[in-house]
Amino acid sequence: MTEQGDANDLRLDGLHERHPGLTQALGQSYTEAASVCLSRHHQPPVTVSLRHAGNDERRVVSFAVPDARVRNAHANETDATEAGAYAVSLAAVEAVVGLVAVGRAETLTGADWYVARDGTEIEDLESCIRLEVSGINAGTSGDVRRRLVEKVAQAARGKSNLPAMAAVVGFKVLEVAIYPLGEQG
């Protein structure tokens with residue numbers, strides 16, 4: 001993959017450069033976790049299916065095969081799956097919806113992140129969308145769909161009047177399902 005990437009790539013590297021709500025350290029940590037999750041089942045590069053609004057796009061994901069130190073740092077499967085899902089879902093929402101992370105969402109909002117068009121300031125939440133994220137280490141496409149239904153319900157129950165979307169990453173089945181709630185503008 002080139003530094004710029006290809007139009008068919010889902011870029012996990014350099015997330016902080018494109019998502020102002022991420023620091024370099026946090027983005028790198030999420031990307032490391034994603035590489036651990038993907039390498040549990042696959043060798044790079046992989047082709048991931050992105051499902052959103054009735055469309056199914058295929059994108060190539062290149063990732064570094066994690067060494068022992070990286071695997072040990074992300075040895076907690078639950079934490080690694082959650083952090084890896086942040087990397088993959090933020091890259092996917094950027095690729096298919098054109099939104100970037102502008103900040104973390106508060107507790108009880110029914111979401112993990114605020115996303116918006118590039119250039120949106122976090123102080124202007126009115127133009128933000130809540131993004132609820134989940135990851136599944138193993139399982140089937142059916143498991144991804146079931147988790148998406150759960151996450152859509154969670155986002156709908158959130159204490160916020162902002163529109164929302166949910167994204168679920170299936171690392172074994174190489175799928176990302178994104179579903180918007182309410183008005184997306």
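**A walk through the model**

L108 is exposed, because its relative accessible area is 59%, where exposed means over 50%, buried under 20% and partly exposed in between, with a 1.4 Å probe and protein chains only. This is a predicted model, in which local features need pLDDT of at least 70 and side-chain atom pairs count only at pLDDT 80 or more, while totals for chains, interfaces and linings use all residues. Residues are numbered from 1 along each chain as its sequence is written, and side-chain values use heavy atoms, with hydrogens and water left out.

L108 is found in the loop between strand 3 (100-104) and strand 4; helices (H or I, at least four residues) and strands (E, at least two) are DSSP runs, numbered from the N terminus. Although L108 is not a glycine, its phi is positive, at about 75°. L174 also has a positive phi in a residue other than glycine, near 55°, and its place is in the loop between strand 6 (164-170) and strand 7. With a relative accessible area of 14%, L174 is buried. Another backbone feature is the peptide bond from P44 to P45, which is cis, with omega near -10°; P45 lies in the loop between helix 2 and strand 1.

The aromatic side chains come next. A pair of aromatic rings is described by the distance of the centres and the angle of the planes. Here, rings of Phe, Tyr and Trp (its six-membered ring) pair if their centres lie within 6.5 Å, and planes under 30 degrees apart count as stacked, over 60 as edge-to-face and the rest as tilted. By this rule the model holds three aromatic pairs. In one of them, the ring centres of Y30 and W113 are 6.2 Å apart and the planes stand at 90°, so this pair is edge-to-face. The pair links distant parts of the chain, since Y30 belongs to helix 2 and W113 to strand 4 (residues 113-116), 83 residues apart. Y30 counts as buried at 8% relative accessibility, and W113 counts as buried at 0%. Together with Y86, these two residues, Y30 and W113, form one aromatic cluster.

R51 counts as partly exposed at 21% relative accessibility, whereas E175 counts as buried at 11%. Another salt bridge brings together the side chains of R11 and D13, 3.3 Å from N to O; R11 counts as buried at 17% relative accessibility, while D13 is partly exposed at 31%.

The last subject is empty space. Rolling a probe the size of a water molecule over the atoms shows where empty space is left. On a 1 Å grid over the protein atoms alone, a cavity is a set of points where a 1.4 Å probe fits but cannot get out, and a pocket is an open set with protein on both sides within 12 Å along at least five of seven lines; lining residues have an atom within 4 Å of a point. Grid points are joined across faces, edges and corners, and a volume is the space filled by probe spheres set on the points.

The largest pocket has a volume of about 280 Å³ and is lined by 19 residues, of which D13, Q28, T31, E32 and A64 lie nearest its centre. Helix 1 (15-18) and helix 2 (24-39) are the elements that give two or more residues to this lining, and helix 2 gives the most, with six residues.

Notes: A salt bridge is a side-chain nitrogen of Lys or Arg within 4 Å of a carboxyl oxygen of Asp or Glu.
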